[in-house]
Amino acid sequence: MGGPDVMNTFGTTFRLTSFGESHGKAVGGIIDGMIAGIPVDEAFIQNELDRRRPGRNSCVTSRTEADTVHILSGVFDGFTLGTPIGFFVENTNQHSADYDKTFRPSHADYTYYNKYGGNWDYRGGGRASARETLSRVVAGAFAKLALRELLPGLRISAYLSAVGPVSIPYSYDCYDLTHVDESPIFCPDKAFEAEFMKEIESARQRKDTLGSVVTCVCSCPPRNLGEPIFDKAHAVLASAMMSVPGAKGFEYGMGFCGSKMNGSEVLDEFGCDNDGHISIMSNHSGGIQGGITNGSDIYFNVAFKPIATIPGRQCRMVDVSSSHPEEKLKSARGRHDVCIGIRAVPVIEAMAAMVLLDLYKQFNSNLTIRRK
């Protein structure tokens, strides 16, 4: 999914090239390969951005941004043209004075500094900031609009399934995921929502952060997506999810739990009725077998690390503002999430939508929606 000439580009037939830094003028992107004739619901696109917006409640970072998307090209008279879609979101509430030329623990400062010969934007993490995911959410919204027309039965739903030591032990099919957005933290279970929020507030009070897990379900996906060897559907999904800032683990279907079980416990047996219709009796495979989708629900988990910036807690850093690096004991500054899994939910959905549209376009070339 990309190479040296497309270092900031994701996708093959549906591609997003993103740009911008956390404290720069704007974050945005160019979408190439968008299908022509897709009705553009700008309110829907903005709502997707609002779902990941900082400052939306007390559980996320206090950075307050309107995050209004401006579409520059590729849309006319309410429909996509099939030409590149350019867009941007302005940065309006940066606190750049909170940052200096310091290598913070577990951040990308040190690696960016070395890779780019000391040319790096240290304000808010620069390009490595999770604010870059704005472009993914916009592109994912366009992908969702296309999938809505092409595959009306498909639904992509993500939710917060674990915070710190507390995890939802129930399968996704125990919930009606259409109501996830009614929760301020995208949790489908009211009891666990309260537990998660309690954990988050406790971590905030003791000036610490928490790891988390986001579960994503792609219901009623098409069959035959993905290639059998190097571009397996789950490999492409893994690549997409692991590109999200803070992601540390990916598993689909039975995942790591399957490694502790017997083969007899996780067989997805086949059935056949009198009319010759074949069905799969269970879905431990997570909707993908041999790298190819089989029509069953695709479900996976993405694990996120505890954010490394812990306000008020001193730690060892290295200051490189002068020609002689100097070790210092100091406190990190800036506005950050206690638990990044909350705002990662719409980002995970967006990446899943882009992957599925990209794979679908590879399997079905020359797609165009005729205007009625």
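Two strands are counted as paired if DSSP finds at least two bridges between them. The views below show a predicted model.

View 1. The strands follow the order 8-18-19, and their pairing is antiparallel. Strand 8 (102-103) and strand 19 (326-331) lie at the edges; each has a single partner strand, so one side of each is left without a neighbour in the sheet. In general, the strands of a sheet pair through backbone hydrogen bonds, in either a parallel or an antiparallel arrangement.

**View 2. The pairing of strand 18 with strand 19.** Strand 18 comprises residues 314-319 and pairs with strand 19 in the antiparallel sense over 6 bridges. Within this pairing, Q314 stands opposite S331 of strand 19, and M317 stands opposite K328 of strand 19. A hairpin of 6 residues connects strand 18 to strand 19.

**View 3. The pairing of strand 8 with strand 18.** These strands are joined in the antiparallel sense over 2 bridges. F103 has V318, in strand 18, as its bridge partner.

**View 4. The second largest pocket.** This pocket has a volume of about 630 Å³. Its lining consists of 27 residues, and Y170, S171, G253, Y299 and N301 are those that lie nearest its centre. Strand 9 (155-163), strand 11 (212-219) and strand 17 (298-304) are the elements that give two or more residues to the lining.

**View 5. The residue types in the lining of the second largest pocket.** The lining residues divide into 13 nonpolar, 10 polar and 4 charged.

Technical notes. Residues are numbered from 1 along each chain as its sequence is written. This is a predicted model: local features need pLDDT of at least 70, side-chain atom pairs count only at pLDDT 80 or more; totals for chains, interfaces and linings use all residues. Side-chain values use heavy atoms; hydrogens and water are left out. On a 1 Å grid over the protein atoms alone, a cavity is a set of points where a 1.4 Å probe fits but cannot get out, and a pocket is an open set with protein on both sides within 12 Å along at least five of seven lines; lining residues have an atom within 4 Å of a point. Grid points are joined across faces, edges and corners, and a volume is the space filled by probe spheres set on the points. Helices (H or I, at least four residues) and strands (E, at least two) are DSSP runs, numbered from the N terminus. Ala, Val, Leu, Ile, Met, Phe, Trp, Tyr, Cys and Pro count as nonpolar, Asp, Glu, Lys and Arg as charged, and the others, Gly among them, as polar.
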